[in-house]
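Subject: Structure for your files

Hello,

Please find the structure below. My notes on a few helices and residues follow it.

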Amino acid sequence: MSAILRELLRVSEKAANIARACRQQEALFQLLIEEKKEGEKNKKFAVDFKTLADVLVQEVIKQNMENKFPGLGKKILGEESNEFTNDLGEKIILRLCPTEEETVELLSKVLSGNKLASKALAKVVHQDVTFTDPALDSVEINIPQDILGIWVDPIDSTYQYIRGSADIKSNQGIFPSGLQCVTILIGVYDLHTGVPLMGVINQPFVSQDLNTLRWKGQCYWGLSYLGTNIHSLQLPDSERKSRDTRSQVTEDTNSEAECSHRFSAVISTSEKDTVKAALSRVCGERMFPAAGAGYKSLCVVQGLVDIYIFSEDTTFKWDSCAAHAILRALGGGMVDLRQCLQRSSETALDWPQLVYHVENEGATGVDRWANKGGLIAYRSRKQLETFLSLLIPNLAPGDTRT
């Protein structure tokens with residue numbers, strides 16, 4: 001089953017190439033930044049190009065996985081529909097064609113005859129990509145394919161993707177906005193239990209060559225299944241010992257003043273003031289706003305912060321599944337914030353982990369798959385329990401209600 005993870009890594013890099021091409025190739029970038037204003041009936045391009053880029057990435061992932069693992073493509077879900085209507089009123093189903101020429105023709109219909117953009121897109125879609133991680137070569141884990149479902153967020157943090165700057169400076173390694181906040185998220189879960197099993201987070205825009213202006217990315221992955229936990233963040237022994245020592249010092253600190261600011265957290269720029277106020281009493285100045293649910297989760301995966309907390313119900317299964325799987329492989333997880341606050345530490349033998357197979361009862365549209373109670377992402381259970389023990393006394397009842 002590591003073969004599936006290897007292919008997910010490869011298709012995530014193919015998706016990253018498409019995302020980079022749409023930013024770097026002039027014919028595509030001009031479409032990406034074009035906004036349709038209300039009432040503009042004679043606009044040259046009827047299709048919302050950022051949606052096209054999203055859908056194209058999603059379809060490339062679906063089709064490539066289906067080709068390698070027949071039947072799996074049907075179990076890949078995302079937020080985008082692949083049906084478009086061009087300005088002639090034609091309904092077009094976007095799919096990956098067998099040849100580059102056929103894909104050009106199909107894209108040309110969607111883009112109302114823009115051959116230049118269609119050729120540029122088709123070329124990168126059909127480029128072969130070789131991408132793997134040697135750490136996976138020695139791993140062979142048998143997970144039945146028929147229990148697997150996959151959530152995909154083809155381009156998370158769309159606003160940053162379109163408008164984000166390349167020149168944003170990080171704050172202690174964390175970018176508040178900019179292209180670095182864009183991620184491609186692929187999460188694999190158990191269809192029967194909803195437990196996340198494998199995750200891939202591809203960050204297409206990590207560093208830019210100042211001479212060529214070309215971007216390089218980074219890919220993170222994790223697998224957690226029946227007691228086997230492997231991930232791409234294996235630390236050298238010396239660094240692991242150093243981190244373990246720091247962690248032990250933190251856990252052994254009993255002074256209330258030191259306790260109160262022991263945690264660091266990444267938060268949404270739209271987080272409620274009441275939650276931010278409570279967090280500031282726990283984290284002090286170690287509270288970092290950042291764009292993109294996928295990127296904020298990645299900050300926890302990377303160990304840049306201890307916690308990602310969000311009290312609203314506007315993240316979805318495709319936003320959280322990939323990071324959740326990687327965090328499980330690291331010994332952490334992702335829990336429902338509201339349910340955590342309703343429990344005491346004595347009763348919380350099993351913290352309410354997010355699950356990925358059940359729709360929200362009574363919800364419609366994308367809200368069927370919303371993380372309704374908000375979320376907390378964390379790297380260790382001990383950290384989660386200590387964090388909540390400090391946070392809860394600072395939150396008034398109802399502070400996290402949406």
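In α11, Ala-293, Gly-294, Ser-297, Val-300 and Val-301 meet Asp-319, Ala-323, Ile-326, Leu-327 and Leu-330 of α12; contact here means heavy atoms within 4.5 Å. Helices (H or I, at least four residues) and strands (E, at least two) are DSSP runs, numbered from the N terminus.

This is a predicted model: local features need pLDDT of at least 70, side-chain atom pairs count only at pLDDT 80 or more, and totals for chains, interfaces and linings use all residues. Residues are numbered from 1 along each chain as its sequence is written, and side-chain values use heavy atoms, with hydrogens and water left out.

Helix α11 and its partner

The axes of α11 and helix α12 (residues 317–330) are 9 Å apart, at an angle of about 5 degrees. Axes are lines fitted to C-alpha atoms, for helices over the stretch in contact, and angles run from 0 to 180 degrees between N-to-C directions. α11 is therefore roughly parallel to α12, where angles under 35 degrees count as roughly parallel, over 145 as roughly antiparallel, 65 to 115 as roughly perpendicular and the rest as oblique. By class, the residues of this contact are seven nonpolar, two polar and one charged. Ala, Val, Leu, Ile, Met, Phe, Trp, Tyr, Cys and Pro count as nonpolar, Asp, Glu, Lys and Arg as charged, and the others, Gly among them, as polar.

How many residues of α11 are buried? Nine of its nine residues are, where buried means under 20% relative accessible area, exposed over 50% and partly exposed in between (1.4 Å probe, protein chains only). Lys-296 is one of the buried residues. Just after α11, Gly-303 has a positive phi of about 80 degrees.

Ser-297 belongs to α11 (residues 293–301) and counts as buried because its relative accessibility is 2%. A polar atom of the Ser-297 side chain lies 3.0 Å from the backbone oxygen of Ala-293. The cut-off for a polar contact is a pair of N or O atoms within 3.5 Å; within protein, one must be able to donate a hydrogen and the other to accept it, and residues adjacent in sequence count only if both atoms are side-chain atoms. Leaving out residues up to four places away in sequence, Ser-297 touches Tyr-308, Ala-323 and Met-334.

Helices α10 and α14

Helix α10 (residues 273–283) packs against helix α14 (residues 381–391) at an angle of about 120 degrees, with 9 Å between the axes. The two helices are therefore oblique to each other. Ala-278, Leu-279 and Val-282 of α10 make the contact with Phe-387, Leu-390 and Leu-391 of α14. The residues of that contact are six nonpolar, no polar and no charged.

Two further residues

His-231 is in strand β8 (residues 228–231) and is buried, at a relative accessible area of 9%. A polar atom of the His-231 side chain is 3.1 Å from the backbone nitrogen of Leu-233. Apart from neighbours within four places in sequence, His-231 is in contact with Trp-221, Gly-222, Ala-329 and Leu-330.

Ser-108 sits in helix α4 (residues 100–110) and is buried at 9% relative accessibility. With residues up to four places away in sequence not counted, Ser-108 touches Gly-113, Asn-114, Lys-115 and Ser-118. The C-alpha atoms of Ser-108 and Ala-122 are 9.9 Å apart, with the two residues 14 apart along the chain.

Regards
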